[in-house]
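Subject: Model with ligand, for your files

Hello,

Here is the structure we talked about. Please open it alongside this note; what I found follows below.

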Amino acid sequence: MSVTHSYKLRVAAIRAETEDARSIVLEPEEGDAERFSYRPGQFLTINVPTDREGGAARCYSLSSSPLLREPMQVTVKRTGEGYGSNWLCDNLNVGDELEVLRPSGMFTPSSLDADLLLVAAGSGITPMMSILKSVLHGGTGRVALIYANRDEQSVIFGEELLALQGKHPDRLHTVHLLESVQGLPSMELLREHLRPYRDREMYVCGPQPYMAAVTAAAAAAGVAAERVRQEKFFSLDTDPFAEPRSALDHSGPSATVEVQLEGETQTVSCPKGERMLDAFLEAGVDAPFSCREGNCSACACFVLEGEVEMLRNEVLEPEDLADGIVLACQSVPLSDHLRVSYDE
Ligand SMILES: Cc1cc2nc3c(=O)[nH]c(=O)nc-3n(C[C@H](O)[C@H](O)[C@H](O)COP(=O)(O)OP(=O)(O)OC[C@H]3O[C@@H](n4cnc5c(N)ncnc54)[C@H](O)[C@@H]3O)c2cc1C
Ligand code: FES
């Protein structure tokens, strides 16, 4: 049985991008379109069909742009012997339905008018495509993209990038790094490519060793750490599609939480010691979430009034915390009264 917070998307098209990557175009059911509004850089959580105990929920960044009114699209690259990515590339057909959670995540630029530096490798291009198309179409910012791949054949969106470059020669600058030509991108090589853009907001996504080399190169090139945002790809250990845990115990002291979501405010009672997200979902608030383990930022919200304690945080940066952002799935109330918003 599925949770009420999940939705169905119909597979409208499937396109081979490279030998081992497929784009999947997805359509919401009638009446659900609004629930699938998203910001450039956000991701969907897909319940990949499986008989395995614990399910196979996997996150995929949207490679489409919400500003272009193009249909929603994720792009999946096969991962070795991985289950979910290979299942989606091998078994999905047009007309099939996928169970998903709403778009979420914080890997989104604060302004489409800011100049950005995007640094990607392999499937890490997916959120970057959404961001760069959105900036070029809906903003005034300039974009530098540094994109590393094994060889020319494994470049996802190569032609689309070339076309965008032709259309926006003054605003998009693309550098392709190919392992077959330059070898694995060294810290020194990355530093030289990053240096001209060191004053920009920087977004990084790719395999872990690449992200480590890029962040080291960014520091060496003089990019301030607080301007570097990373999207870490991993597979969920938990099953966000499983039945929610049993009812919360409301017999002890609790906090009153005013929660604002999509322009509506609801008041929820959250027992002290319980996580806010659990109380929101129990009360019927359609709050976003994915991993429920403090790893993904899908549940991030602003605490406008009152104090919470975060039990685990593997994803928010110090400057997010300074802005009052918390992970609802890991936050327990300390104050008696809280005001929380997903809409800021
Ligand atoms: C926010 C977010 C956005 C993402 N966006 C994208 C995206 O846009 N595109 C994309 O392609 N991916 C994306 N990912 C990654 C994606 O969610 C999956 O992690 C990825 O597709 C691999 O899943 P899998 O089921 O194929 O591999 P898994 O089954 O999870 O396996 C992962 C790796 O472990 C190895 N492995 C598995 N089982 C074993 C075992 N028993 N022993 C040893 N090794 C094992 C596999 O060979 C594989 O290399 C994103 C992740 C996050 C968190
Ligand atoms: S749902 Fe992933 S961090 Fe809260």
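Helices (H or I, at least four residues) and strands (E, at least two) are DSSP runs, numbered from the N terminus. On that numbering, β4 gives the most to the shell around ligand 1: four residues. The elements giving two or more residues to this shell are β4 (57–61), β5 (72–77) and α1 (83–91).

Some ground rules. This is a predicted model, where local features need pLDDT of at least 70, side-chain atom pairs count only at pLDDT 80 or more, and totals for chains, interfaces and linings use all residues. Residues are numbered from 1 along each chain as its sequence is written, chains are lettered from A and ligands numbered from 1 in the order written, and side-chain values use heavy atoms, with hydrogens and water left out.

Now the neighbours. Ligand 1 has 21 residues around it (a heavy atom within 4 Å). R58, C59, G84, S85 and S235 come nearest. The shell divides into seven nonpolar, nine polar and five charged residues. Here Ala, Val, Leu, Ile, Met, Phe, Trp, Tyr, Cys and Pro count as nonpolar, Asp, Glu, Lys and Arg as charged, and the others, including Gly, as polar.

Next, polar contacts (pairs of N or O atoms within 3.5 Å). A polar backbone atom of K77 is 2.9 Å from an oxygen atom of ligand 1. For a backbone N or O atom of E81, the distance to a ligand 1 oxygen is 3.2 Å. For a polar backbone atom of F234, it is 3.3 Å.

Best wishes

How values were computed:
A polar contact is a pair of N or O atoms within 3.5 Å; within protein, one must be able to donate a hydrogen and the other to accept it, and residues adjacent in sequence count only if both atoms are side-chain atoms.
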